[in-house]
Amino acid sequence: MLKIILKRLRNNAKLTQKEAAELIGITKRSWERYEAGSANINMRNVELFALKTNQNLNNVIKDEEKNNSDFKDFLNN
């Protein structure tokens with residue numbers, strides 16, 4: 001479910017996939033694959049992206065849990 005968090009972080013930062021990828025030093029294609037869920041992103045890169053975009057990762061996760069029942073179900077299993 002990191003793909004949901006990753007997309008939320010990017011959208012909150014108002015960045016394109018290309019801009020987001022460049023920010024953490026990966027290719028746009030890699031970012032696309034992470035958001036699509038066809039590849040797994042390293043948690044350190046998620047944390048780095050949150051840090052570089054001045055976002056609190058814990059708050060984003062809590063908001064997603066509150067607003068997305070699928071995400072909440074995933075966390076509770």
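**A guided reading**

Guide: Let us begin with one place in the chain of this predicted model. Asparagine 68 sits in the loop between α5 and α6.

Visitor: Is asparagine 68 buried or exposed?

Guide: Asparagine 68 has a relative accessible area of 18%, and the cut-off for a buried residue is under 20%, so asparagine 68 is buried.

Visitor: Which element has the lowest mean pLDDT, and which the highest?

Guide: Helix α6, residues 69–76, has the lowest mean pLDDT among the elements, at 62, whereas α2 has the highest, at 98. For the chain, the mean pLDDT is 91, and 88% of the residues reach 70 or more.

Visitor: How should I read the packing of two helices?

Guide: Two packed helices are described by the angle between their axes and the distance between those axes. Here, helix α2 (residues 17–24) packs against helix α3 (residues 28–36) at an angle of about 110°, and their axes are 8 Å apart. Angles of 65 to 115 degrees count as roughly perpendicular, and α2 and α3 are therefore roughly perpendicular to each other.

Visitor: Which residues of α2 and α3 meet?

Guide: From α2 come Gln17, Lys18, Ala20, Ala21 and Ile24; from α3 come Lys28, Trp31, Glu32 and Glu35. By class, the contact of α2 with α3 comprises four nonpolar, one polar and four charged residues.

Visitor: At what angle do α2 and α4 pack?

Guide: The angle between α2 and α4 is about 105°, with the axes 9 Å apart. That angle makes α2 roughly perpendicular to α4. Ala20, Leu23 and Ile24 of α2 make the contact with Asn45, Leu48, Phe49 and Lys52 of α4. Five nonpolar residues, one polar and one charged form the contact of α2 with α4.

Visitor: How many residues does the largest nonpolar core have?

Guide: The largest nonpolar core has 15 residues. Those with the most contacts inside this core are Ile5, Leu6, Leu9, Trp31, Val46, Phe49 and Leu57. At least two residues of the core are supplied by each of α1 (2–13), α2, α3, α4 (43–52) and α5 (57–67).

Visitor: With which residues is leucine 6 in contact, leaving aside its neighbours within four places in sequence?

Guide: Leucine 6 is then in contact with Trp31, Tyr34, Glu35, Ile41 and Val46. As for the chain, 60% of its contacts with a separation of 6 or more are between residues 24 or more positions apart. Buried residues make up 30% of the 77 residues.

Visitor: What should I look for in the backbone angle phi?

Guide: Most residues other than glycine have a negative phi. In this chain, lysine 14 has a positive phi near 55°, and asparagine 54 also has a positive phi, of about 55°.

Visitor: Where are lysine 14 and asparagine 54 found?

Guide: Lysine 14 lies in the loop between α1 and α2, and asparagine 54 in the loop between α4 and α5. The cut-off for an exposed residue is over 50%. Lysine 14, with a relative accessible area of 72%, is therefore exposed, and asparagine 54, at 74% relative accessibility, counts as exposed.

Notes: Residues are numbered from 1 along each chain as its sequence is written. This is a predicted model: local features need pLDDT of at least 70, side-chain atom pairs count only at pLDDT 80 or more; totals for chains, interfaces and linings use all residues. Side-chain values use heavy atoms; hydrogens and water are left out. Axes are lines fitted to C-alpha atoms, for helices over the stretch in contact, and angles run from 0 to 180 degrees between N-to-C directions. Helices (H or I, at least four residues) and strands (E, at least two) are DSSP runs, numbered from the N terminus. Angles under 35 degrees count as roughly parallel, over 145 as roughly antiparallel, 65 to 115 as roughly perpendicular and the rest as oblique. Contact means heavy atoms within 4.5 Å. Ala, Val, Leu, Ile, Met, Phe, Trp, Tyr, Cys and Pro count as nonpolar, Asp, Glu, Lys and Arg as charged, and the others, Gly among them, as polar. A nonpolar core is a set of buried Ala, Val, Leu, Ile, Met, Phe, Trp, Tyr and Cys residues joined through side-chain atoms within 4.5 Å. Buried means under 20% relative accessible area, exposed over 50%, partly exposed in between (1.4 Å probe, protein chains only). pLDDT is the predictor's confidence in each residue, from 0 to 100.
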